Amino acid sequence: VKRVGGGSQERWRVVISDGEHFIQGMLATQINHFITSNEIQENSIIKINDNMTNLINNRIIVIVLNLEVLNSTPGLKIGNPVDVGTAPSVGGASVVTAAKPLYGNNVSNPAAQSKPEAVNSNPYGQSRSPSSNPYGSSNSSRTAPQSNSYSNSNAPIVRSNMSLSEDNHTPISQLNMYQNRWTVKARVTSKSDIRTWSNARGEGSLFSCDILDSSGTDIRCTFFKEAVDKFHPMLQMDHVYTFTNGRLKVANAQYNTCKSNFEVSFDQNAEVHEVADDGRILQQQYEFLPISAVEQTEPNSNIDLLVVVKEVHPIGTVMSKKTGQELFKCDLTVVDQSNVEINLTVWGEKAKTAEANFANQPIVAFKRLRVSDYGGRSLSSSGNGGETVNPRIPEVQPLQHWWNTQGRTSSTLKSLSTRGGGGRMDSFADRKTLSAIKTDNMGYGEKPDWMSVKATFSFVKKDKEGGPWYTACVNEEEPCRQRVKVTQTTDGYWHCDRCNKTSEKCKRRYIFSATIADETSTSWVSLFDEQALQFLGEEHTADSVYDRYFSDSSNGDTEGFDGLFAKATSTDWIVKCKVKNEMVGDESRVKTTIYSLTPMDYVKESRDLLEAISKLSV
Ligand SMILES: [Zn+2]
């Protein structure tokens, strides 16, 4: 066990042995406390629960991310372990690989990276003379400066211009237009959905992925037509492949944020083979920002985040303005230990799998999220981003600790996304009272105002001619999507002007108004079908209530109908409302529409209240 590096950056180098083999290692800084608390001393027995390996100066270094101490009392060295830390060199030539940053540091020029750690090739054998010390070296010699077995390790490492890496692969950083045939070996760090295009010259499909190699450079690859069918199912995130027979072109910096100045096109002649992941290529590199910093981030810039996915909202669709196609979208509420949460939208196939992918509030590293100023600040997973659920990086542990001890139950998280479109409920601290509609002059801006209140339904205006609903077209598809009101023809059928079709049936959808009240005020609100079903219960659809209480076959059970609404009236809800000024005739009126209803969770509400009270200063 040896401390390396000076100043505040405390790092511990260790030699770990299983009795047969030994290897050099470093402790990730967040587990330094095992050493400072003396839980680990030399010859302590530990169990390594998580680790990654790095190649430094052609030596494999094990980065210990997580461990358990099985026996901290120092014993004696076990066995005569043999060094297994030297990476095999190819063709007898000694290969020097540039030292890589452990994680996160994106340095464009490998030669500019920090000097490699001096690693002693034989930490067990300073002295050959027999000694009572099983390690063969005295304490004083161990703390003295050690001789350096790599004569060049203090000098900057400069690659010769056309050098190939150890297994005859061209480093991505050295690809150029004058090479006809090359092979790169790289890790897939992001992968897009398949997109289709059509223009005057024909149509086709494509997908792209970003790949990163051991030179620390990534490049955008786009696969076209036949190559899509062949390689889209094959290429997996985080796996390592060799890529041959691509065409280089200059990258479009507007859409491509990879480090390489080129991008690659692959067609059916591409050769891609999966190869073993020997750990020489870094996992995706990140430059994490805390969410709190997103507020000051320019819209349209790209950022990386390490977050807890707190909530996955229901999947929805929007119409793409560009293609006219329906796009799947899914909003996530993500949070980190800066005590700030933000809305993050994932699209396409990723939206469809979001609920399964992000189940159970995992920690996720997102690469290249696009910052938008939509509704304050929000984020969008761009086509060339990627995400890794439960990434094996040391930054995960402090975030997990924060989430387990504070974040999960905190009601004081600040939110950067104020829009209502995501269906996100405001936190306890962001709630307003109904009187704020007047006192804050809500609804008079260009865009609607959104507010969450804790309120009780005091009156429901259910007794309308024909019932508290309207009759909509049954067509779930375009063009009307059950949004168009239909009228009954004299022969009892329902005609939709939009679809220009006649059906036997119609679909009844709720629409009614009500008053909600809190301790400050009362307000009229409108409810549509979706909110009315939250209010009455999903099973009480307008059609079923009509059949039961209104249709010819019902027995005119007005008491049952009244009872259904009476049961729901006087109940407590967290109500999310849209407040907007509207002109009714020539009169301006502030209209409050319920966007969503959440039943009161009294336990959580009490906890939030207690926490808020405890923060009140007298
Ligand atoms: Zn219709």
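Q: How do β24 and β25 pair, and over how many bridges?
A: β24 and strand β25 (residues 494-496) pair in the antiparallel sense, over two bridges. Two strands count as paired if DSSP finds at least two bridges between them. Strands are DSSP runs of E with at least two residues, helices are runs of H or I with at least four, and both are numbered from the N terminus.

Q: Where do these numbers come from?
A: Residues are numbered from 1 along each chain as its sequence is written, and side-chain values use heavy atoms, with hydrogens and water left out. This is a predicted model, where local features need pLDDT of at least 70 and side-chain atom pairs count only at pLDDT 80 or more, while totals for chains, interfaces and linings use all residues.

Q: Back to that sheet. What is the strand order?
A: The order is β24-β25-β26, in an open sheet of three strands with antiparallel pairing. β24 (487-488) and β26 (501-503) are the edge strands, each with a single partner, so one side of each has no neighbour in the sheet.

Q: Which residue in β25 is the bridge partner of Q488?
A: W494 is the bridge partner.

Q: Zooming out, how many helices and strands are in the protein chain?
A: Eleven helices and 30 strands. The protein chain has 618 residues, and 43% of them are buried. Buried means under 20% relative accessible area, exposed means over 50%, and partly exposed is in between (1.4 Å probe, protein chains only).

Q: New topic. Why is strand β10 (residues 218-224) largely enclosed?
A: Six of its seven residues are buried, so the rest of the structure largely encloses β10.

Q: What sits beside β10, and which way do the strands run?
A: Strand β9 (residues 202-212) is joined to β10 by seven bridges, and the two run antiparallel. β9 and β10 form a hairpin with five residues between them. In that turn, G216 has a positive phi of about 80 degrees.

Q: Parallel or antiparallel with β13?
A: Parallel. Four bridges join β10 to strand β13 (residues 262-266). There, T222 has S265 in β13 as its bridge partner.

Q: Now helices. Is α8 mostly covered or mostly open, and how many of its residues are buried?
A: Mostly covered. Six of the eight residues of helix α8 (residues 529-536) are buried. They are D529, Q531, A532, L533, F535 and L536. Just after α8, G537 takes a positive phi of about 110 degrees.

Q: What do the buried residues of α8 pack against?
A: Their neighbours include β22 (449-460), β27 (507-517), β28 (522-528) and α10 (558-568).

Q: Tell me about β27. Which strands are joined to it?
A: β22 is joined to β27 by four bridges, running antiparallel. Strand β23 (residues 469-472) also has four bridges to β27, again antiparallel; there, W469 stands opposite Y510. β28 has seven bridges to β27 and runs antiparallel too. A hairpin of four residues links β27 to β28. β27 itself is mostly covered, with eight of its eleven residues buried.

Q: Which residues touch the most other members in the largest nonpolar core?
A: F457, Y510, L527, F535 and V575, out of 33 residues. β22 gives the most to this core, with five residues. A nonpolar core is a set of buried Ala, Val, Leu, Ile, Met, Phe, Trp, Tyr and Cys residues joined through side-chain atoms within 4.5 Å.

Q: What does F457 touch?
A: Its contacts include A514, I516, L527, F535, W573 and L597, leaving out residues up to four places away in sequence. Contact means heavy atoms within 4.5 Å. A second, separate core has 24 residues, including V184, V188, L235 and F266.
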